[in-house]
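These are my notes from going through one model, entry by entry.

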Amino acid sequence: MKKHIYDESNGLSYTLHGDYYLPDLAVNEGEPTYGKYGMLRKQFLKEHRPARYQYLLMTGELTAHLNRVDQETREQVETLVKQIEEKQGVTEQLKMQDLMKWVGLINNIKACAEEIVLKESVYM
């Protein structure tokens, strides 16, 4: 049996390992790793700031920019959620007493905090 084969139907190369041919796959290390807020920022730049998007893309700074925006936005949302929770008196005691009320308040707080931060850091 041949050690290496090429399948023209799918364009993959295979290597014989024991009794099986396994595809020769490689991990692309250059894939972006940014999260939700980075993706939102990328979409915003593409649609509303195309020159800035093209500049970041051509200089190779796009992924770093999106990762930075994602990290900063996540931190700001977490900080704002904690501040609003304290101000509205949403505590672990409330969670023990009335879980559904607590869940509703927390979801509302997170949505509000995210909306505030998105306007300031992602959509600018």
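Is R74 buried, partly exposed or exposed? The model is a predicted one, and in it R74 has a relative accessible area of 36%, so I put R74 down as partly exposed.

Entry on helix α3. I looked up the partner of R74 and found that its side chain meets that of D70 in a salt bridge, at 2.7 Å from N to O. Both residues belong to helix α3, where they stand 4 residues apart, about one turn of the helix. D70 counts as buried because its relative accessibility is 4%, whereas R74 is partly exposed at 36%. I then turned to H65, which has its place in helix α3 as well, a helix that covers residues 62-88. H65 has 7% relative accessibility and therefore counts as buried. Leaving aside neighbours within four places in sequence, I noted R41, L45, R52 and L56 as the residues in contact with H65.

Entry on the other salt bridges. I counted 4 salt bridges in the structure, and wrote down two further ones in detail. In general, side chains of opposite charge can pair when their charged atoms come close. K95 and E92 meet through their side chains at 4.0 Å, N to O, and both lie in helix α4 (residues 92-97), 3 residues apart, about one turn of the helix. K95 is partly exposed, with a relative accessible area of 31%, while E92 is exposed at 54%. K95 also lies over the face of W102, at 4.6 Å from the ring centre. In helix α5 I found K119 and E115, which are 4 residues apart, about one turn of the helix, and form a salt bridge whose closest N and O atoms are 3.8 Å apart. Here K119 is exposed, with a relative accessible area of 56%, and E115 counts as partly exposed at 47% relative accessibility.

Entry on aromatic rings. My search of the whole structure returned 1 aromatic pair. F44 and Y123 form this pair, which is tilted, with 5.6 Å from centre to centre and 55 degrees between the planes. Because F44 lies in helix α1 (residues 36-48) and Y123 in the segment after α5 (99-122), the pair ties together parts that are 79 residues apart in sequence. F44 counts as buried at 11% relative accessibility, whereas Y123 is partly exposed, with a relative accessible area of 37%.

Entry on K42. This lysine, K42, is found in helix α1 and counts as partly exposed at 23% relative accessibility. Not counting residues up to four places away in sequence, K42 touches Y34, Y53 and L66. I also took the C-alpha to C-alpha distance from K42 to L118, which is 13 Å, for a separation of 76 residues in sequence.

Entry on the sheet. I traced 3 strands that form an open sheet in the order β1-β2-β3, with antiparallel pairing. Its edge strands are β1 (4-7) and β3 (20-23), each of which pairs on one side only. Neighbouring strands are turned by 35 degrees against each other on average, with direction ignored. Strand β2 (residues 12-17) and β3 pair over 4 bridges in the antiparallel sense; Y14 has P23 in β3 as its bridge partner, and H17 has Y20. The hairpin of β2 and β3 has 2 residues between the strands, and G18 there takes a positive phi near 70 degrees.

Note on methods:
Residues numbered from 1 in each chain as written. Predicted model: local features only at pLDDT ≥ 70, side-chain atom pairs only at ≥ 80, totals over all residues. Heavy atoms only, no water. Buried < 20%, exposed > 50% of the residue type's maximum accessible area, 1.4 Å probe, protein only. Contact = heavy atoms within 4.5 Å. Pairing = 2+ DSSP bridges. Axes fitted to C-alpha atoms, helices over the stretch in contact; angles between N-to-C directions. Phe/Tyr/Trp six-rings, centres within 6.5 Å; stacked < 30°, edge-to-face > 60°. Lys NZ or Arg CZ within 6 Å of the ring centre and 35° of its normal.
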